[in-house]
Amino acid sequence: MMGSIEGLERFDSPGKGRGLRVTRPFKVGELLFSSPAYSFVLSLSERGCYCEFCFTRKEGLARCGKCKKAFYCGVKCQKGDWAMHKLECSAMTAFGENWCPSETSRLVARILAKKKMQKERCASERILLIEEIQSHVEDVDNEKREMTESDIAGLHRFFSKHLELPDHKDLLTLFSQVACNGFTIEDDELSHMGTAVYPDVALINHSCLPSVIVTYKGTSAEVRAVKNMNPGDEVLISYIDLLYPTDDRNNRLREFYYFTCQCQECKTKSSDKAKLKVRKQSDPIEQEVISNMVRYARKTIREFRLKLDAALDSVAPPSELLEMCEQSLDEMGAVFDDTNVYMLHMMYQAMGVCLYMQDPDGAIRYGEKIIKPYSKLYPPYSLNVSSMYLKLGRLYMGLERYSVGVGALKKAMAIMEVAHGRDHFYLTELRKEMTRK
Ligand SMILES: [Zn+2]
Ligand SMILES: [Zn+2]
Ligand SMILES: [Zn+2]
């Protein structure tokens, strides 16, 4: 398939296995290719906001008459989705409140259904593709193994009525493939909308200095250049959040993707100093104090994630989350500069809590501290930066601070024109938002 996309070819990337490279020049903002999802699923929390089939966001979607839980633009989308929705429709009614498969289990059920449909339709090229995707079953640690086992149990519990499930070993492989190659579909503010598999995009290797960026149009992925590329250049995306220093990035890559990055930035660590910036004081702070604070920061980030899960399950109130952010910012602020990425991480979390608690002033206060260092520390045309400008811009507009609002939205737009393409409906909507007073 890749051979059929003009300007691109597969090749053996030294030290990385299969990869993708360009055979003609591409300019910043140019579309390399667009890839329909092999399989996709809308998050349960987004039901009613988006059409389950085409991921269009609008008011007044029509409900599935049977389960009353899935929403569609209209009959056409409902019909289009039925082959997948039928896996859940009657089961949701039967299980009622107890219907609770993970998003991964839901996606895997769809992949299995799709494979079966394709086998019936005779062996197509696409079946090979999903078989071909890398899996790392042998590398999985106990904690992840447990997660997968519970996902597999969920698959049996909620989907076995409609699906013939393969044996345990094949399921382990499939879940491992999805873990390494599944893509989170995010909206313009980077909110999670769903999960999908794109075999073509999964061919692209990682770099902390990526040459392309992936955005979504409906359920399709679009890959655009964020650097000018010459024939022979490898197509490289980032698999991870690039805010963090080299050690943190590689810990994450090893944990989730089982490799260590060898890119120029990982070799030179040229941005690490700025990312770990320490407060200026008359007596320089000792290295040991800094190391201890880094350890504290990493621990706090992990603990916050657990607390956030508890809050999402309504076990902990959001005010406790905000307290935790403020406390850690106080603690770290004695050693770290305000532009240190661990400070930014906690400010970002605090902003999220403020947004959740409908405190726009609080959210703006954190957002304003974050945005400048973000623009410096992230690579050019980063969605993390554009989404932050969007959030800020929309908050200002909501408080009728129009001129500063339009300014922020314009900054978001400059990045999105490259990352999403000028014609993306996000930009059409944004242009409208900017004239609204
Ligand atoms: Zn639709
Ligand atoms: Zn239904
Ligand atoms: Zn790297």
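1. A word on burial before we start: a residue counts as buried if 20 or more other C-beta atoms lie within 10 Å of its own, as exposed if 12 or fewer do, and as partly exposed in between. Leu190 has 15 C-beta neighbours inside 10 Å, so it counts as partly exposed. Please keep in mind throughout that this is a predicted model.

2. As background, most residues other than glycine have a negative phi.

3. The phi of Tyr258 is positive, near 65 degrees, and Tyr258 is not a glycine. You will find Tyr258 in the loop between helix 6 (246-257) and helix 7 (264-268). With 14 other C-beta atoms within 10 Å, Tyr258 is partly exposed.

4. Glu46 sits in the loop that links strand 4 (39-42) and strand 5 (62-63). Although 147 residues separate Glu46 from Met193 in sequence, their C-alpha atoms are 6.3 Å apart. Leaving aside residues up to four places away in sequence, Glu46 touches Met193 and Gly194. Glu46 is partly exposed, as it has 18 other C-beta atoms within 10 Å.

5. Three strands make up an open sheet in the order 3-11-10, with antiparallel pairing. Strand 3 (31-35) and strand 10 (212-217) are the edge strands, each pairing on one side only. On average, and ignoring direction, neighbouring strands here are turned by 20 degrees against each other. In general, strands of a sheet pair through backbone hydrogen bonds.

6. Here is how those strands pair. Strand 3 is joined to strand 11 (residues 220-225) by four bridges, and Phe33 stands opposite Val223 of strand 11. Strand 10 and strand 11 are antiparallel and pair over six bridges; Val212 has Ala225 in strand 11 as its bridge partner. The hairpin of strand 10 and strand 11 has two residues between the strands, and Gly218 in this hairpin takes a positive phi near 60 degrees.

7. Turning to the helices, the axes of helix 9 (residues 287-312) and helix 10 (residues 318-333) come within 10 Å and cross at roughly 175 degrees. Angles over 145 degrees count as roughly antiparallel, so helix 9 is roughly antiparallel to helix 10. The contact includes Met293, Tyr296 and Phe304 of helix 9, and Leu321, Met324 and Met332 of helix 10. By class, this contact of helix 9 with helix 10 has 10 nonpolar, two polar and three charged residues.

8. Helix 2 (residues 103-120) and helix 4 (residues 142-159) also meet: their axes come within 9 Å and cross at roughly 60 degrees. Helix 2 and helix 4 are therefore oblique to each other, and their crossing is right-handed. On the helix 2 side are Thr104, Ser105, Val108 and Ala109, which meet Asp151, Gly154, Leu155 and Phe159 of helix 4. Four residues of this contact are nonpolar, three are polar and one is charged.

Technical notes
Residues are numbered from 1 along each chain as its sequence is written. Chains are lettered from A and ligands numbered from 1 in the order in which they are written. This is a predicted model: local features need pLDDT of at least 70, side-chain atom pairs count only at pLDDT 80 or more; totals for chains, interfaces and linings use all residues. Two strands pair if DSSP finds at least two bridges between them. Axes are lines fitted to C-alpha atoms, for helices over the stretch in contact, and angles run from 0 to 180 degrees between N-to-C directions. Angles under 35 degrees count as roughly parallel, over 145 as roughly antiparallel, 65 to 115 as roughly perpendicular and the rest as oblique. Two residues are in contact if their C-beta atoms, placed from the backbone, lie within 7 Å. Ala, Val, Leu, Ile, Met, Phe, Trp, Tyr, Cys and Pro count as nonpolar, Asp, Glu, Lys and Arg as charged, and the others, Gly among them, as polar. A crossing is left-handed if the near helix is turned anticlockwise from the far one by less than a right angle, and right-handed if clockwise.
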